[in-house]
Amino acid sequence: VQLQASGGGSVQAGGSLRLSCAASGRTFSRYVLGWFRQAPGKEREFVGGISWIGGGTYYADSVKGRFTISRDNAKNTMSLQMNSLEPEDTGVYYCAAAQFITRLGHDYDYWGQGTLVTVSS
C-alpha cells in the first residue's frame with residue numbers, strides 16, 4: 001500500500017481544514033488507517049484511526065469531538081475533517097496503514113509523506 005496525504009495549509013484558530021489520504025494497492029480495504037501528527041520539537045502522536053469494513057473510528061482525547069475520520073474503500077481514500085482548530089493542532093500530519101486497530105505508530109506498516117497544518121492564534 002502506498003499512501004499520499006494532502007490538504008494541509010494555514011488557518012486561523014477556530015477554522016477548519018480537510019486532509020485527504022490517497023492510497024494505491026488492491027488490499028486497501030483490509031487495512032486499518034490512521035492519522036498521526038508531529039509538532040515542531042515534539043514526538044509524533046496518534047490523532048485518530050478508522051477500521052476496515054464497517055468504518056469504526058477512534059480518536060485521541062485531544063481531538064475528540066473536533067476531528068472526524070472517514071474512508072471510501074471504493075475510491076481508496078481517507079479523509080480527516082478538522083474543525084475548531086487550535087494552535088496546538090499545528091504540525092505535520094501523516095496517514096498510515098496497519099493490519100489491526102492500534103494507536104501505536106510502530107504498529108503501522110505503511111506511511112505517507114506528511115502534509116503541514118499551521119494554525120495561528
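The side chains of Asp-89 and Arg-37 meet in a salt bridge, with 2.8 Å from N to O; a salt bridge here is a side-chain nitrogen of Lys or Arg within 4 Å of a carboxyl oxygen of Asp or Glu. This pair joins distant parts of the chain, since Asp-89 lies in the loop between S8 and S9 and Arg-37 in strand S4 (residues 32–38), 52 residues apart. Strands are DSSP runs (E, at least two residues), numbered from the N terminus. The model is predicted: local features need pLDDT of at least 70, side-chain atom pairs count only at pLDDT 80 or more, and totals for chains, interfaces and linings use all residues. Residues are numbered from 1 along each chain as its sequence is written, and side-chain values use heavy atoms, with hydrogens and water left out.

Asp-89 is buried because its relative accessible area is 1%, and Arg-37 is buried because its value is 5%. Buried means under 20% relative accessible area, exposed means over 50%, and partly exposed lies in between (1.4 Å probe, protein chains only).

Asp-89 also forms a salt bridge with Arg-66, at 2.7 Å from N to O. Glu-86 is in the loop between S8 and S9, 20 residues from Arg-66. With a relative accessible area of 13%, Arg-66 counts as buried, whereas Glu-86, at 33%, is partly exposed. Arg-37, Glu-45, Arg-66, Glu-86 and Asp-89 are linked in a network of salt bridges. A search of the whole structure finds five salt bridges.

A covalent link comes next. Cys-21 and Cys-95 form a disulfide, with their sulfur atoms 2.2 Å apart; the criterion is a pair of cysteine sulfur atoms within 2.5 Å. The pair connects Cys-21 in strand S3 (residues 17–24) with Cys-95 in strand S9 (residues 91–98), 74 residues apart. The link is right-handed, with 70° about the S-S bond. Both Cys-21 and Cys-95 are buried. The count by this rule comes to one disulfide.

Strand S9 also contains Ala-98, which counts as buried because its relative accessibility is 0%. Setting aside residues up to four places away in sequence, Ala-98 touches Tyr-31, Val-32, Asp-107, Tyr-108 and Asp-109, where contact means heavy atoms within 4.5 Å. The C-alpha atoms of Ala-98 and Gly-49, 49 residues apart along the chain, are separated by 9.8 Å.

Strand S8 (residues 77–82) is mostly covered, with five of its six residues buried. S8 runs antiparallel to S3, to which six bridges join it; two strands pair if DSSP finds at least two bridges between them. Met-82 in S8 is the bridge partner of Leu-17. Six bridges also join S8 to strand S7 (residues 67–72), again in an antiparallel arrangement, and Gln-81 in S8 is the bridge partner of Thr-68.

The hairpin of S7 and S8 has four residues between the strands. Asn-76 is found in this loop and has a positive phi of about 55° although it is not a glycine. Most residues other than glycine have a negative phi. At 19% relative accessibility, Asn-76 counts as buried. Ser-84, in the loop between S8 and S9, likewise has a positive phi, near 50°. Ser-84 is partly exposed because its relative accessibility is 42%.

Gly-7 lies in the loop between strand S1 (2–6) and strand S2 (9–12) and is partly exposed, with a relative accessible area of 35%. Beyond its neighbours within four places in sequence, Gly-7 is in contact with Leu-17, Arg-18, Leu-19 and Thr-115. The C-alpha atoms of Gly-7 and Leu-80 are separated by 9.5 Å, although the residues are 73 apart along the chain.
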